[in-house]
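Good morning, everyone, and thank you for making the time. Please have the sequence and the model open while I talk.

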Amino acid sequence: MFIKELRALKRALKARGAGAPARARADAEQARLEMEKELRRTRDYLEALIANANVPIVSWDSELHITRFNHACELLTKYDAAEVIGGELSFLFPEGGKNAVLARTPVNSETVEAGISLKHGGTRMVLWNSTGIYEADGKTFAGAIAQGQDITGHRLTEEGLKRDKQTLEKAGRTKALELIDARLELEKAKRLSDIGTLAATVAHELRNPLAAISMAASNIKRKAASPLLEKHLQNIDKKILESNQIISNLLFYSRIRMPQFAAVDITPILEECAVSRGVPIQVDADFSTSHPVEADPVQLKEVFSNIISNACDAVSGCPRGRISIRTTECGKFLRVRIRDTGIGIEKDLLPRIFDPFFTTKAKGTGLGLYVCQQIVKLHDGVITVESEPGKGTTFGINLPRGSRYESKKNTDN
Amino acid sequence: MRAKKILIIDDDAELSEELAEVLGAEGYPVENISDGFRAVKMLEKNGYDIVLLDFKMQGITGLDILKEIRAKSPSAAVFFVSGKPGLDAILEEADMAAAVDAIIEKPFDPQTLLDRINAC
């Protein structure tokens, strides 16, 4: 449209230059008016376009003062155009870095994400497309205009998705870890079940020959009745006991069962365990005083047998090795102390002696003390150990005194 | 007083032999048998005061034999002499715990067994 008016104006000027009088001037004036009219129309058209565009449009001059702020901007920021126009660009774009990118004078269009300030606080994230406006010389910066697209919703969605993804990943990891744990537990349970089956089979198959050996030794003892054979027969009995202890430990380890509580006297159980060792080791103990508790006698025998057996092993290489067994009543507990003056246990190994399959002995399954600890725990008791290399080891077994029913009732109250 | 007649039912031949000697030395008339099925027939035919019974045998369990004993010789004392773990639970489950006079776990001290037998 401009082209047509410009050509008419050019013609008019040529005509005036050529000396055409009044008519030419009138034509020129007419063309100028037409052009002004057309320019106004164009300006109004553009103003209307910018004002009513459904995307935010803002423009600024070379001094970075805001010159336009359309209706979409007003809706977005809740500012009236009058509050903003003439103000500093930084009023709308407080973020220094983004502001600098927007404010610089792009020759070509530039796309940048920048938050626009809101009247009532906060910002909206907008993707701006800005273009520089230059004077007629094409070099002098006159300002810029930017149109934006509110991407706050997208960003929030993206962040939400990112958070969801992270949460899902975390939940997935947790679930995966839970599954791994569950699988490990299952494998452990299956392993224990397999060990249990194996232990039961081995127990039955080994106890038969052990019983036969025991009977045979008894028959030899009776028939020969020789002091020369006595020591050897005692050794056979001792080894039968040890073998049976290994079987019992393995059985207990693979199938820990709840104690069958009964009113029992600890003293004869201790005496039986001490005497059954049948080896010439000095044992100091008072087996005359009765010490009743509620416990599983079979399991207690297991505990005392294991600890006394360990004590015997500990003193076996010591010329003046002694084992002492003391039972005392300490408040709510009955305390059995089994002390040996044997080789002792290294300090760094002490924390591990109750671990299954851990042993300080050259021969041994490493199950004995683990089983002892489990049994004592099932009796609501405590097992302790003190040891000094070269001096000996003391095990303390504390078992609750009195009726379990009464103890439970008192605890509940 | 007549000595109590004892039958050992165990498929471990060496154990039965050694055990029979231990009991025989104490003056008990003892027979032993390793075949569980034949043992049932012997029980019917001869009658015993005390039966020492293993649990796991070829083709038959001590529990089956126990049921036969209780059906035919209700007065005989029956001792389970076994190395099988958890035997008391098995008997409980079969409702046969009361049908047994004692459970002696292998290996055992011969004197412990003798004390139990002498007390019968």
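This is a predicted model: local features need pLDDT of at least 70, side-chain atom pairs count only at pLDDT 80 or more; totals for chains, interfaces and linings use all residues.

Residues are numbered from 1 along each chain as its sequence is written, chains are lettered from A and ligands numbered from 1 in the order in which they are written, and side-chain values use heavy atoms, with hydrogens and water left out.

In chain B, five strands make an open sheet, ordered E2-E1-E3-E6-E7, with parallel pairing. Helices (H or I, at least four residues) and strands (E, at least two) are DSSP runs numbered from the N terminus, and two strands pair if DSSP finds at least two bridges between them. Strand E2 (30-33) and strand E7 (102-105) of chain B each have a single partner strand, so one side of each is left without a neighbour in the sheet. On average, neighbouring strands are turned by 20° against each other, direction ignored.

Within this sheet, strand E3 (residues 50-53) of chain B runs parallel to strand E6 (residues 77-82) of chain B and is joined to it by four bridges, with Leu52(B) opposite Phe79(B) in E6(B).

Turning to chain A, the axes of helix H10 (residues 297-315) and helix H11 (residues 368-378) come within 9 Å and cross at roughly 145°; axes here are lines fitted to C-alpha atoms, for helices over the stretch in contact, and angles run from 0 to 180 degrees between N-to-C directions. Among the residues that meet are Val303(A) and Ile307(A) from H10(A), and Leu369(A) and Ile375(A) from H11(A), where contact means heavy atoms within 4.5 Å.

That brings me to the interface, to which chain A and chain B contribute 21 residues each. The two chains bury about 1,700 Å² between them, 59% of it on carbon and sulfur atoms; buried area is the accessible area (1.4 Å probe) that two parts lose on being put together, summed over both. His204(A), Arg207(A) and Met215(A) supply 37% of the area that chain A buries against chain B, more than any other three residues.

Is Ser218(A) buried or exposed? Ser218(A), which lies in helix H7 (residues 152-224) of chain A, counts as buried because its relative accessibility is 18%, the classes being buried under 20% relative accessible area, exposed over 50% and partly exposed in between (1.4 Å probe, protein chains only). Leaving aside residues up to four places away in sequence, Ser218(A) touches Val22(B) and Pro110(B).
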